[in-house]
Amino acid sequence: MSSPTYYSTVDTPIGPFTAVETGGTVLASGWTSTIEDLIEIIHPSLRPAEFVARAELGDVTKAIVQYHEGDLTAVDTIPVRQKSGDFLQQAWEVLRTVPPGSAITYTEYARLAGKPAAIRAAASACARNAAALFVPCHRVLRQDGTLGGFRWGVQVKRRLLDHEARTDV
């Protein structure tokens with residue numbers, strides 16, 4: 001029998017943040033107060049039939065709170081499960097190695113993910129990332145240094161980058 005799938009929303013300085021987890025592994029997360037915004041971005045093969053609300057999610061909630069309080073590496077050890085093709089899987093793993101406070105360009109991201117010419121595919125990996133914050137796609141910028149898109153809004157992306165720039169890692 002598989003672990004139950006839980007979700008919880010935490011108030012953060014950037015806004016409400018909801019995470020979905022099973023067995024301590026994040027399936028989806030983002031700056032929203034509604035589970036419906038997250039259900040659709042979980043890969044169909046990983047999407048559970050039932051989601052149970054909880055007040056908190058143990059280590060997952062602790063990591064979210066600690067990150068927003070200034071411990072920018074608190075989310076790094078939380079396991080994440082996403083599913084896609086080989087390149088996206090590799091690209092999501094690479095994102096987890098980009099240090100807080102260090103933004104990279106989509107070009108650099110494609111190179112780090114092993115396909116230097118696949119800049120659009122790298123951008124797609126960011127767009128399809130279901131586990132925001134835990135897989136920090138907010139750290140990827142356009143070649144000219146502008147923000148580009150972000151599922152949770154460019155205002156959230158800017159606040160995250162500013163938070164990381166002024167917090168000691």
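The side chains of D59 and K62 meet in a salt bridge, with 3.9 Å from N to O; the term stands for a side-chain nitrogen of Lys or Arg within 4 Å of a carboxyl oxygen of Asp or Glu. Because D59 and K62 are three residues apart in helix α2, about one helical turn separates them. D59 counts as exposed, since its relative accessibility is 54%; here buried means under 20% relative accessible area, exposed over 50%, and partly exposed in between, with a 1.4 Å probe and protein chains only.

This is a predicted model, in which local features need pLDDT of at least 70 and side-chain atom pairs count only at pLDDT 80 or more, while totals for chains, interfaces and linings use all residues. Residues are numbered from 1 along each chain as its sequence is written, and side-chain values use heavy atoms, with hydrogens and water left out.

## The other salt bridges

By the rule given above, the count comes to three salt bridges. One of them joins R139 to E164, whose closest N and O atoms are 2.9 Å apart. This pair links distant parts of the chain, for R139 lies in the loop between α5 (119–127) and β6 (140–141), whereas E164 belongs to helix α6 (residues 154–165), 25 residues apart. R139 is buried, with a relative accessible area of 2%, and E164 is buried as well, with a relative accessible area of 2%.

In another salt bridge, the side chains of D162 and R158 meet at 3.0 Å, N to O. Both residues lie in helix α6, four residues apart, which is about one turn of the helix. D162 counts as partly exposed at 31% relative accessibility, and R158 counts as partly exposed at 36%.

## The sheet and the helix across it

Four strands form an open sheet with mixed pairing, in the order β3-β2-β1-β4. The strands β3 (25–30) and β4 (52–53) stand at the edges with a single partner strand each, so one side of each is left without a neighbour in the sheet. Helices (H or I, at least four residues) and strands (E, at least two) are DSSP runs, numbered from the N terminus, and two strands pair if DSSP finds at least two bridges between them.

Strand β1 (residues 5–12) runs parallel to β4, and two bridges join them; Y6 stands opposite V52 in β4. Helix α2 (residues 59–69) lies across β1, β2 (15–22) and β3, and runs at about 20° to β1, where contact means heavy atoms within 4.5 Å and angles, from 0 to 180 degrees, are taken between N-to-C directions of axes fitted to C-alpha atoms, for helices over the stretch in contact.
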